[in-house]
Amino acid sequence: MLHIDSAPSTPGKVKMEKSSYFFTRGGGARWHYSLAKLTVWSFAFLALILIFFLRSPAPSTITSAADPSRRSLRNYNWGGSAWEKRVRASARARSSNGLTVLVTGAAGFVGTHVSSALKRRGDGVLGIDNFNDYYDPSLKRARQALLERTGVFIVEGDINDEALLRKLFEVVPFTHVMHLAAQAGVRYAMENPGSYVHSNIAGFVNLLEVCKSVNPQPAIVWASSSSVYGLNTKVPFSEKDRTDQPASLYAATKKAGEEIAHTYNHIYGLSLTGLRFFTVYGPWGRPDMAYFFFTKDILKGKQIAIFEAANHGTVARDFTYIDDIVKGCLGALDTAEKSTGSGGKKRGPAQLRVFNLGNTSPVPVSELVSILERLLKVKAKRNIMKLPRNGDVQYTHANISYAQRELGYKPTTDLQSGLKKFVRWYLNYYSDGKKAVE
Ligand SMILES: NC(=O)c1ccc[n+]([C@@H]2O[C@H](COP(=O)([O-])OP(=O)(O)OC[C@H]3O[C@@H](n4cnc5c(N)ncnc54)[C@H](O)[C@@H]3O)[C@@H](O)[C@H]2O)c1
Ligand SMILES: *[C@@H]1O[C@H](CO)[C@@H](O)[C@H](O)[C@H]1NC(C)=O
């Protein structure tokens with residue numbers, strides 16, 4: 001159902017080794033050798049390099065989506081003065097009191113919208129994304145092209161790459177980090193658990209390690225998820241409710257992120273704000289989400305699976321429109337206090353917050369399908385199935401009064417109007433035959 005197996009691998013994924021790597025070691029000791037010996041050694045060295053390249057696995061194995069540990073071995077092409085110039089230009093704020101924001105996962109659904117909103121209002125924005133092939137990377141490339149036109153540069157790299165992150169902070173003293181890079185999706189965790197650990201835990205820790213050690217430390221706003229409420233049945237979900245019963249590995253890694261955030265706030269004085277998004281949808285959305293692949297399958301006349309809980313219980317989601325989420329993200333950035341540490345040491349207590357960002361109006365999935373039928377003018381072939389117990393919860397509903405009070409967050413788009421905008425984008429984007437899905 002996730003349609004990810006057939007996703008093509010990212011074009012241009014395998015880049016040349018960073019050549020500077022070979023020249024950073026060794027000193028004057030070599031000069032003891034005679035010129036002849038040096039020549040012999042040079043040839044031996046070249047031969048070794050040649051053997052190494054001839055014996056390396058084919059690119060398709062290197063980028064295998066099924067093996068996340070290999071992903072981290074990929075080399076990206078970054079560095080150099082032209083590259084630094086692009087980084088600086090992208091991160092330059094238009095106004096003197098504008099923010100300077102590093103957006104991780106900038107080629108993602110939420111990352112693209114947040115980056116362009118920040119840039120539009122005059123803030124400096126630099127993106128980073130590894131363009132992985134969890135879903136069709138050509139959609140990520142199209143979002144990148146969109147951002148390029150608004151002046152936002154996305155650095156191609158992994159948040160686990162410490163040298164790259166340090167370099168970025170060396171080039172630009174970011175005041176804020178909007179951390180949206182993650183392995184998303186609930187059911188995919190059974191197929192590729194390592195990718196969740198890689199991006200949501202190891203990657204987050206690496207990012208925080210760099211943030212805590214730079215001067216000045218940035219304030220960090222990051223995406224948690226409504227899935228942390230797991231098997232919680234008390235509705236609506238409030239920030240004070242229990243979150244210790246995750247129903248998926250995805251949820252468990254987001255919950256772990258909240259605890260890790262607490263630690264870095266406590267030890268290093270990092271200002272940290274977690275945002276629990278509730279089922280975000282809209283134009284440029286994610287193909288692995290139900291509203292998106294329902295649209296695709298309804299148009300193709302393919303049967304769609306609609307889940308119901310035990311005893312015909314309704315499965316419902318608090319669908320939240322992307323523009324509302326963006327306003328919540330900007331509100332969180334604007335109200336984030338400065339981190340208090342310096343030199344990798346805490347100097348005083350720093351801000352630590354967690355907010356729900358939802359719509360406060362859960363809609364049954366069957367109703368979502370009815371709205372899509374009306375907008376697409378096509379009848380769906382519904383296949384009612386029992387909700388499997390492999391990650392999805394039956395119901396989500398956000399209490400947003402805390403975000404309303406602190407961030408001025410107030411969602412204004414109902415599912416019908418939001419889906420109308422999504423469908424208009426979808427038909428337009430995929431009308432071009434070249435971009436056809438599968
Ligand atoms: N969309 C939702 O409904 C929803 C709900 C709850 C939480 N969230 C969270 O919001 C954030 C954004 O979600 P989205 O819907 O835009 O997802 P997305 O998959 O479209 O965006 C995530 C981006 O991060 C990139 N990425 C992943 N791992 C990376 C790594 N190790 N290094 C660099 N880049 C990496 C991906 O290539 C992708 O472009 C995620 O943290 C997600 O877990 C989303
Ligand atoms: C929503 O959360 C607030 C705390 O932020 C709480 O005071 C209020 O009672 C909650 N509302 C409901 C309906 O649970």
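1. pLDDT is the predictor's confidence in each residue, from 0 to 100. This is a predicted model: local features need pLDDT of at least 70, side-chain atom pairs count only at pLDDT 80 or more, and totals for chains, interfaces and linings use all residues. Residues are numbered from 1 along each chain as its sequence is written, while chains are lettered from A and ligands numbered from 1 in the order in which they are written.

2. The average pLDDT of the protein is 87, and 82% of the residues score at least 70. Residues 1–31 have pLDDT below 50, with 37 contacts in the model beyond near neighbours in sequence; a contact has the C-beta atoms of two residues, placed from the backbone, within 7 Å. Residues 54–70 stay under 50 too, with 18 contacts beyond four places in sequence. Where pLDDT is low, the predicted coordinates should not be read in detail.

3. Ligand 1 is surrounded by 27 residues, the closest being Gly-105, Gly-108, Phe-109, Ala-182 and Ala-223 (near: C-beta atom, placed from the backbone, within 6 Å). Helix H5 (109–120), helix H8 (193–213) and strand E5 (219–225) each give two or more residues. H5 gives the most, with 3 residues.

4. Around ligand 2 are Pro-236, Ser-238, Asn-399, Ser-401 and Tyr-402.

5. Gly-348 sits in the loop between helix H11 (322–335) and strand E11 (352–357). Gly-348 is classed as exposed because 8 other C-beta atoms lie within 10 Å, the cut-off for exposed being 12 or fewer, with C-beta atoms placed from the backbone. Leaving out residues up to four places away in sequence, Gly-348 touches Gly-269 and Thr-340.

Technical notes:
Helices (H or I, at least four residues) and strands (E, at least two) are DSSP runs, numbered from the N terminus. A residue is buried if 20 or more other C-beta atoms lie within 10 Å of its own, exposed if 12 or fewer, and partly exposed in between; C-beta atoms are placed from the backbone.
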